[in-house]
Amino acid sequence: MRTARAKAADLGSDAISASTAALLSVLAASVNASAVVEIGASTGVSGAALLAGMTDEGVLTSIDVEAENQRVARDTFTALGFDHVRTRLITGRALEVLPRLQDSAYDIVFVNGDRTEYPAIVAQARRLLRAGGLIVLNSALGAGGLADSGQREAGHQALREAANTLRDEDHWLPALLTVGSGLLVATLRNAE
C-alpha cells in the first residue's frame, strides 16, 4: 500500500487516507459485498481496501479515465495477492460505462472521480445497487467540500446537489462521516 500511495503522488493522483481505506474494508464486509463498482481507481488503494472487505469470490469493477492509473492499480492488486479474476478494470468515463452495467447487481458504488458527475452518478447508483446497497462519495468535506459553503465552483455545486438528492429522496438513508477527506454514505432502502 505504501508503494501504491507513492505511485499516486508520482502520478499526481490522490490516494485515499489509511482511515478511509479501513472504513471501506469495514463497509464492504458489513454488507457482505460480492460486487462493487469503484469510480476513480487512482493507484489501487481504494480498490484494495474494498477487495479486502469483500467476499472471497467478490469482483471489483473499477472505472478510471486514465489507463496508467488502471495499470498501476492492477500491479497493486497483484502485489497484494488478489487474483486477477476478482477485478474488472475498465478505462473510460464513468457516465459512459455505468449505463452498461446490470441493474440491482451491486452492493457498493464507491465514487472518487470528477465531482461534476456526482449527481448523475447518484442517479445511476440507484439503478445499479440492490436494496441495502451503499453509495460512498469521497471528498465530501475539506477544501471545496460540503462544509465550505462559500464555494461556488462547479464541482462543489455538483457535490451539494448530490448530497441534497441523497438527503431528500425517500429511498436513500444518508450519513456524512468525518473520516479522511469526508465520506457521504447512503444506503438504498429499496430499489423501486
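This note sets out points on the overall fold and on one helix of a predicted model.

1. Basis. The model is predicted, so local features need pLDDT of at least 70 and side-chain atom pairs count only at pLDDT 80 or more, while totals for chains, interfaces and linings use all residues. Residues are numbered from 1 along each chain as its sequence is written, and side-chain values use heavy atoms, with hydrogens and water left out.

2. Architecture. The protein holds 7 helices and 7 strands (DSSP runs, H or I of at least four residues for helices and E of at least two for strands, numbered from the N terminus). Their order from the N terminus is α-α-β-α-β-α-β-α-β-α-β-α-β-β.

3. Packing. Of 192 residues, 52% are buried (under 20% relative accessible area; exposed is over 50%, partly exposed in between; 1.4 Å probe, protein chains only). Among contacts (heavy atoms within 4.5 Å) between residues at least 6 apart in sequence, 68% join residues at least 24 apart.

4. Surface. The accessible surface is about 8600 Å², with 50% belonging to carbon and sulfur atoms (Shrake-Rupley method, 1.4 Å probe; for residues, only the protein chains shown count as cover).

5. Helix 4. N69, Q70, V72, A73, T76 and F77 are buried in helix 4. These buried residues line one face of the helix, because they fall within an arc of 165° seen down its axis (directions from the helix axis to the C-beta atoms). On the other side of helix 4, T78 and A79 are exposed.
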